[in-house]
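Please examine the sequence and the model shown here. The paragraphs that follow treat the domains and then the aromatic residues.

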Amino acid sequence: LLQLIAKSQLTSLSGAAQKNYFNILDKIVRKVMEDQYNPRLIKDLLQDLSSTLCILIRGVGKSVLVGNINIWICRLETILLWQQQLKNLQMNKQVNNGLTLSDLPLHMLNNILYKFSDGWDIITLGQVTPTLYMLSEDRQLWKKLCQYHFAEKQFCRHLIPSEEGHIDWKLMYFALQKYYPIKEQYGDTLHFCRHCSILFWKDTGHPCTASDPNTCLMPVSPQHFIDLFKF
């Protein structure tokens, strides 16, 4: 949701919404700096946000930015500062005398990799040890990932053979990402009940009065959620 706002909805935010949005980003950056957990996601978000802001600031007069231009320039400087802080982030080596990834048998490591739905996560894990790198380069792993995210017609249009004449599924995955959206996955999702006209979290549920509640439910993606507020 934050990334969608960064890419396309900044100009629709009110002054109060802008302030809340940047306060949330500030808390996320602080949390990542403290916990050193998954900095890549916030780095990608800040990159999208800075790119959008640069375009909007250069096009002042052509686009509508709510608020004083100097405030937006200050916000851009804040984003650049956050990016520098994250760039300088030194990940502390975890001291643990217990079981580590390296101690797991190959088939378990392989099963872990096959559970991932993001290609960058596979590449990142493959950088941990030589064994994980070998497993992360498995053609079948990347083929499964392509088949999960894309239809057969889609990857048939963009076949990339390797030097040996085989299909390079890893390159295929990243090439297809440029043309088609990948499947979205979330820990919990918003749902809309058509019978009760209620938005609710799937894990929480709601007391629906319909005779068959499951037929009334509709998942709500972040983009759909934003679209609900368009008039």
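What distance separates the centres of domain 1 and domain 3, taken over C-alpha atoms? The separation is 30 Å. This is a predicted model, in which local features need pLDDT of at least 70 and side-chain atom pairs count only at pLDDT 80 or more, while totals for chains, interfaces and linings use all residues. Residues are numbered from 1 along each chain as its sequence is written, and side-chain values use heavy atoms, with hydrogens and water left out.

The chain comprises domain 1 (1–88), domain 2 (101–179) and domain 3 (190–228), with bounds from an automatic or database domain assignment. Where domain 1 meets domain 3, each contributes four residues to the contact (heavy atoms within 4.5 Å). Together the two domains bury about 370 Å², 79% of it on carbon and sulfur atoms; buried area is the accessible area (1.4 Å probe) that two parts lose on being put together, summed over both. Leu1, Leu4 and Gln9 supply 94% of the area that domain 1 buries against domain 3. Between these domains there are zero salt bridges (a side-chain nitrogen of Lys or Arg within 4 Å of a carboxyl oxygen of Asp or Glu).

Aromatic residues form nine pairs, a pair being rings of Phe, Tyr and Trp (its six-membered ring) with centres within 6.5 Å; planes under 30 degrees apart count as stacked, over 60 as edge-to-face and the rest as tilted. Tyrosine 21 and phenylalanine 22 pair edge-to-face, at 5.7 Å centre to centre with 85° between the planes. Both tyrosine 21 and phenylalanine 22 are buried (under 20% relative accessible area, 1.4 Å probe, protein chains only). One aromatic cluster includes Trp120, Trp142 and Phe150.

Terms used. Buried means under 20% relative accessible area, exposed over 50%, partly exposed in between (1.4 Å probe, protein chains only).
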